[in-house]
Amino acid sequence: MARIATGILETPLDPAAELAAIAGQDNSAGGVASFVGQVRGEAGLTALELEHYPGVTEAALARIAETAAQRWPLMQAAIRHRVGKMMPGEPIVFVAASAAHRREALEAVGYMIDLLKTEAPFWKRVHTEEGSHWVDAVDGDREAADFWLDQIASEDA
């Protein structure tokens, strides 16, 4: 059974510490894969603010990580996500997996980050020099999630 670690953080995310909690912890894991998302320093952006639906968001993160651990033979799966106001360059999300082989770890991380973008309730507010506005979901995020969901459905058929 994979060790699952998920959570919402209102304080700065430390990707190096999160990775250290996974890498080297199980010597049967031959592959550790991770993804770190950070605030893009787009022109005029002064900050990014994320809100979430407490309780529901945490359950969604856990469900995504648990599903990944059921689909791939993982030793560990982790998802940590920031909320609150963040500046350009600050980490927003950390996703990682460890497995006996690299392919399983890499695919599990791809699955988790792609599903996270559509299945976990987060709201994004962009602050610029001209003001602030809420951002709608990106079509490409839904397409990325659908890739994994279609793949899983075809494997289960």
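1. Basis. Local features in this predicted model need pLDDT of at least 70, side-chain atom pairs count only at pLDDT 80 or more, and totals for chains, interfaces and linings use all residues. Residues are numbered from 1 along each chain as its sequence is written, and side-chain values use heavy atoms, with hydrogens and water left out.

2. Main core. The largest nonpolar core holds 37 residues. A nonpolar core here is a set of buried Ala, Val, Leu, Ile, Met, Phe, Trp, Tyr and Cys residues joined through side-chain atoms within 4.5 Å; buried means under 20% relative accessible area, exposed over 50%, and partly exposed in between (1.4 Å probe, protein chains only). Leu-74, Ile-79, Tyr-111, Met-112 and Leu-116 have the most contacts inside this core. At least two core residues come from each of β3 (45-52), α2 (56-71), β4 (74-82), β6 (91-99), α3 (102-119), β7 (122-128) and α4 (139-156). Helices (H or I, at least four residues) and strands (E, at least two) are DSSP runs, numbered from the N terminus. Helix α3 gives the largest share, 8 residues.

3. Another core, of 5 residues, lies apart from the largest one; Leu-13, Ile-22, Phe-94 and Ala-96 are among its members.

4. Tyr-111 and its partner. Not counting residues up to four places away in sequence, Tyr-111 touches Ile-64, Thr-67, Ala-68, Trp-72, Trp-148 and Ile-152 (contact means heavy atoms within 4.5 Å). With Trp-72 it forms a tilted aromatic pair, 5.5 Å centre to centre and 55° between the planes. The count of aromatic pairs comes to 1. Rings of Phe, Tyr and Trp (its six-membered ring) pair if their centres lie within 6.5 Å; planes under 30 degrees apart count as stacked, over 60 as edge-to-face and the rest as tilted. Trp-72 sits in the loop between α2 and β4 and Tyr-111 in helix α3, 39 residues apart, and the pair links these distant parts of the chain. Both residues are buried.

5. Met-86. This residue belongs to strand β5 (residues 84-86) and is buried because its relative accessibility is 0%. Leaving aside neighbours within four places in sequence, Met-86 is in contact with Val-39, Ala-47, Leu-48, Leu-50, Pro-91 and Ile-92. Of these, Leu-48 is 38 residues away in sequence, with a C-alpha to C-alpha distance of 5.2 Å.

6. Salt bridges. The whole structure has 3 salt bridges, each a side-chain nitrogen of Lys or Arg within 4 Å of a carboxyl oxygen of Asp or Glu. Glu-18 and Arg-80 meet at 3.1 Å, N to O. Glu-18 is in helix α1 (residues 15-20) and Arg-80 in strand β4, so this bridge ties together parts 62 residues apart in sequence. Glu-18 counts as buried, at 17% relative accessibility. In the bridge between Glu-42 and Arg-40, the closest N and O atoms are 2.9 Å apart; Glu-42 is partly exposed at 42% and Arg-40 exposed at 57%. Glu-90 and Arg-82 form a bridge with the closest N and O atoms 3.3 Å apart. Here Glu-90 is partly exposed, at 22%, whereas Arg-82 is buried, at 4%.

7. Tyr-53. The loop between β3 and α2 contains Tyr-53, which counts as partly exposed at 46% relative accessibility. Tyr-53 forms a nonpolar surface patch with Val-56, Trp-123 and Trp-134, together about 430 Å² of accessible area. Patches are made of residues with over 30% relative accessible area and no salt bridge, like charges being joined within 9 Å and nonpolar side chains (Val, Leu, Ile, Met, Phe, Trp, Tyr) within 5 Å. Accessible areas come from the Shrake-Rupley method with a 1.4 Å probe; for residues, only the protein chains shown count as cover.
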